[in-house]
Amino acid sequence: MTAEAIEPEPVPLVRDRAGRFVVPGTRISLDVLVADFKQGKTPESIHEAYGTVSMADVYAIFAYYLRHRTEVEAYLVEQEREGAEIQARIEANDPPEGLRAKLLARLDT
């Protein structure tokens, strides 16, 4: 094998319709994988938990995360901010207070 035969591979992440990074062919997001990694889970246990993500992809994503921690953390903060904004809009339209009672009342009718 010569050096010319070695081709670098892209990070196995794509953006979904919502703009989140996910593993291609799955709905497993970068957010979920990094959260598990930060909790101390091993790549092997993460692969077992998300069988649609290959072991090689798990390692590739964590290598990318470790090399680009600042950028990934900024992305995760932005995802969290957007999620909180969406939740606030939903709760403004449909306040969660009394929701359980409303749902139970529907069962009684």
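Predicted model: local features only at pLDDT ≥ 70, side-chain atom pairs only at ≥ 80, totals over all residues.
Residues are numbered from 1 along each chain as its sequence is written.

View 1. Start with Val22, which sits in strand S2 (residues 21-22); strands are DSSP runs of E with at least two residues, helices are runs of H or I with at least four, and both are numbered from the N terminus. With 6% relative accessibility, Val22 is buried (buried is under 20% relative accessible area, exposed over 50%, partly exposed in between, using a 1.4 Å probe and protein chains only). Setting aside residues up to four places away in sequence, Val22 touches Pro12, Leu13, Val14, Asp16, Arg27, Ile28, Ser29 and Leu30, where contact means heavy atoms within 4.5 Å. Pro12 is 10 residues from Val22 along the chain, and their C-alpha atoms are separated by 8.3 Å.

View 2. The whole structure holds three aromatic pairs (ring centres of Phe, Tyr or the six-membered ring of Trp within 6.5 Å; planes under 30 degrees apart are stacked, over 60 edge-to-face, the rest tilted). Phe37 and Tyr65 form an edge-to-face pair, because their ring centres are 5.9 Å apart and their planes lie at 85 degrees. Phe37 belongs to helix H1 (residues 30-38) and Tyr65 to helix H3 (residues 55-67), so this pair ties together parts 28 residues apart in sequence. Phe37 is partly exposed at 24%, whereas Tyr65 is buried at 2%. Ring pairs join Phe37, Phe62 and Tyr65 into a cluster.

**View 3. H1 packed against H3.** The axes of H1 and H3 are 11 Å apart, at an angle of about 75 degrees (axes are lines fitted to C-alpha atoms, for helices over the stretch in contact, with angles from 0 to 180 degrees between N-to-C directions). H1 is therefore roughly perpendicular to H3 (65 to 115 degrees; under 35 is roughly parallel, over 145 roughly antiparallel, the rest oblique). H1 contributes Leu30, Leu33, Val34, Phe37 and Lys38 to the contact, and H3 contributes Ile61, Phe62, Tyr65 and Leu66.

**View 4. Leu33 and its contacts.** Leaving out neighbours within four places in sequence, Leu33 is in contact with Val23, Ile28, Ile46, Tyr50, Ile61 and Phe62.

Notes
Heavy atoms only, no water.
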